[in-house]
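Here is a friendly walk through one protein chain, from its overall build to a few single residues. Have the sequence and the 3D view open as you read.

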Amino acid sequence: MNNMPELIDGSENVSVHGIFNWILLLVIFSIITVIGNYIGYKHPMTDSLVGMGILSLITLIGVWLERYLPFNISSILYISVIGILIALPGMPTSEFVLYYVSKVELLSIVTVFLAYVGIGMGKSWDEFKALGWRAVIITMLVIASTYYGAAIVAHVILVMTGVPAV
């Protein structure tokens, strides 16, 4: 007999068990990322671990806010806003957050994330095949468009602030 609460909002289990799973996933993700960050970029493991701890805590808060606030807002928006707010110049957390998060290379995070996605896809290969080749093309176009869109915005901001383009 399971005494844990049932689904609260119908989208995902937010019981103690569900939260524990999020924490466990983020701890495993962080450890693998820190190891890759140390091997690939020679950043100190302790600094990288603190940086991943900050990113994981922001993620947990964002997911929690999505589940418990009465607004229909994605957790990615909460995560982004929290990250921006605590890293803004002038905020008491800014130097600490920027120092430690800068010790975590994006490629280290993306590598672990893509491996996780690959494992997830392998578990539901039949569902993936049912999507067909069109879904693969659409996915590649969305990823490429997002990358180029972000690069264009970054370039415009750099030009507007007077930073020389590379």
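## The pocket and what surrounds it

Six helices, α1 (16-41), α2, α3, α4, α5 (106-123) and α7 (133-161), each give at least two residues to the lining of the largest pocket. Please keep in mind that this is a predicted model. Which helix gives the most to that lining? The answer is α5, with eight residues.

The largest pocket has a volume of about 1,400 Å³, and 37 residues line it. If you want to find its centre on screen, look for I76, L106, I109, V110 and F113, which lie nearest to it. The lining can also be sorted by residue class, as in this table.

| Class in the lining of the largest pocket | Number of residues |
|---|---|
| Nonpolar | 28 residues |
| Polar | eight residues |

## The overall build

Stepping back, the protein chain holds seven helices and zero strands. Along the sequence this reads as α-α-α-α-α-α-α. Of the 166 residues in the protein chain, 20% count as buried. The accessible surface of the protein chain is about 12,200 Å², and carbon and sulfur atoms account for 75% of that area.

In soluble globular proteins, nonpolar side chains tend to be buried together. Here, the largest nonpolar core is made of nine residues: I54, I58, L65, Y78, I79, I82, A87, V97 and Y100. Three helices, α2 (45-68), α3 (75-87) and α4 (94-101), each supply at least two residues of this core. The largest share, four residues, comes from α3.

Setting aside neighbours within four places in sequence, L65 is in contact with Y78 and I82. There is also a second, separate core of five residues, with F29, V34, M52 and V112 among them.

## Two residues to look at

T59 sits in helix α2. Is T59 buried or exposed? T59 counts as buried because its relative accessibility is 18%, and the cut-off for buried is under 20%. Not counting residues up to four places away in sequence, T59 touches W22, L26 and I79.

K42 is found in the loop between α1 and α2. Although K42 is not a glycine, it has a positive phi of about 60 degrees. What is the relative accessible area of K42? The value is 62%, so K42 is exposed, the cut-off for exposed being over 50%.

Definitions and conventions
Residues numbered from 1 in each chain as written. Predicted model: local features only at pLDDT ≥ 70, side-chain atom pairs only at ≥ 80, totals over all residues. Heavy atoms only, no water. Buried < 20%, exposed > 50% of the residue type's maximum accessible area, 1.4 Å probe, protein only. Areas by Shrake-Rupley, 256 points an atom, 1.4 Å probe, with all protein chains shown as cover. Core = buried A, V, L, I, M, F, W, Y, C linked by side-chain atoms within 4.5 Å. Contact = heavy atoms within 4.5 Å. 1 Å grid on protein atoms, 1.4 Å probe; cavity = no way out; pocket = protein on both sides within 12 Å on 5 of 7 lines; lining within 4 Å. Points joined across faces, edges and corners; volume = space filled by probe spheres on them. Nonpolar A, V, L, I, M, F, W, Y, C, P; charged D, E, K, R; others polar.
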